[in-house]
Amino acid sequence: MKKKFFYIFSAFIVVIGTLLVFTNNTLASDDLDYYNKTFSQIKKDANKYEKDSFLLFDCLYDKDAESIDAYSLFSYIREKGYNAYYVTLKDSDIYNKLKENNNFENIIVISEYSKVDGKKFIKEIIKILPKTKAIITSFGTESIIDKYFHELDYLKYIFIQHGQIFFKESVFNSGYLFKEKFPYILASSEIESSIFKKHGWNDENILKAGLPRWDLLKQNKLTDEEKSIFIMFTWRLTNPYRFTQSLYFKRLYSLLKNKEFHDFLQKNNIKVYLALHHALKTNSNINLNIDIDNIEIVDTQKISHYIKKSSLLITDLSSICFDFMFQNKPVIFYGLDRGDKLLERNQFIDLEMLKKREHIFPNIVFDENMLIEKVKYYVNRNFILENETANVYSNFFYIKENIREKLFDEINRIISN
């Protein structure tokens, strides 16, 4: 009873603390003065302009994150002849690709972005904001900038996400996701819409479409040369010492060094690609150093390449599971550290929820040997998904064709209301 009360009280404190950050100015007086003066001027300038532009951005505070949803939508909007601007980091993979093609039309580049000081970001977009009718983001910014965006009542602030939240409902307890921060939100399925409605959103504030990047996924026919497995687990709130003591670390290494697993992969000429979640590298300075045949650690800035290339995914709760499900590729959910006392509270809850979904969702395992048996099963099936599992996957998508077109229609519906 005491433990339950502690969890409830902790969640209450997190939510209240986040709301306070969202609604109060906790910056240094010079920074606060800058934001107040700047946004006051933006509001005045807005009266002079027709609202004819869209402003989009993905993750601005982590160059290791491959975040392409807003960019995918930006490309579509531009193709259709509308005025749109996209903000990116100078060190990002998108910037490097744009540089290769010398294609910086309507691209705004910032040298760096700090969640403590977002003034560089604001200084780059200050001329565009008075003409903007919608800000569209897949990650959001820090709370103080979110607050000022909300005060620009002539535009809509729209969150299109970067992954479904079905397996990570704890985001509503962490302070990352709540209606006052993102009044308009993208849902990819009726299941996800029902979750948002449970947490305060109304139907008219939910954009029912899908992630823009899914339009870029192609269902290529598999060949013997293309058979590969992608492994990516979601992040953990940790530090390097604590990470090496965790079940997450120990069981991941155990799997990668498992002789039965290794021999089976070699026998069947199957490559394994392993990506360490970008937040572990950025927030905790953690890297994996392994040297195992047939297993390659890949750059998190390029994981969409491996999502298309790989035949099967092994994950715990990562939302890239839906990228594989979208392509009707098998996903094996491995709750490798469920019950670990070193887990942060919200991650503990998410893994407990994974256990409760065992009977309704295919291929959830908590044991390494069972995981390996599941891998063997799908290899022997040539990675072909069962009809029953494909039917379960289909429940997580409103549509699978022309997603950006549908999403843009939903955005224009929001703007016109």
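Helix axes are lines fitted to C-alpha atoms over the stretch in contact, and angles run from 0 to 180 degrees between N-to-C directions. Helices (H or I, at least four residues) and strands (E, at least two) are DSSP runs, numbered from the N terminus.

This is a predicted model, in which local features need pLDDT of at least 70 and side-chain atom pairs count only at pLDDT 80 or more, while totals for chains, interfaces and linings use all residues. Residues are numbered from 1 along each chain as its sequence is written, and side-chain values use heavy atoms, with hydrogens and water left out.

The axes of helix α10 (residues 247–256) and helix α16 (residues 368–380) cross at roughly 45° and come within 11 Å. Contact (heavy atoms within 4.5 Å) involves Arg251, Ser254 and Leu255 of α10, together with Glu368, Leu371 and Ile372 of α16.

Aromatic rings of Phe, Tyr and Trp (its six-membered ring) pair if their centres lie within 6.5 Å; planes under 30 degrees apart count as stacked, over 60 as edge-to-face and the rest as tilted. The whole structure holds 40 aromatic pairs. Two of them are tabulated below.

| Pair | Centre to centre | Angle between planes |
|---|---|---|
| Phenylalanine 166 and phenylalanine 396 | 4.9 Å | 75° |
| Phenylalanine 333 and phenylalanine 361 | 5.4 Å | 80° |

Phenylalanine 166 lies in the loop between β5 and α7 and phenylalanine 396 in the loop between α17 and α18, so their pair ties together parts 230 residues apart in sequence.
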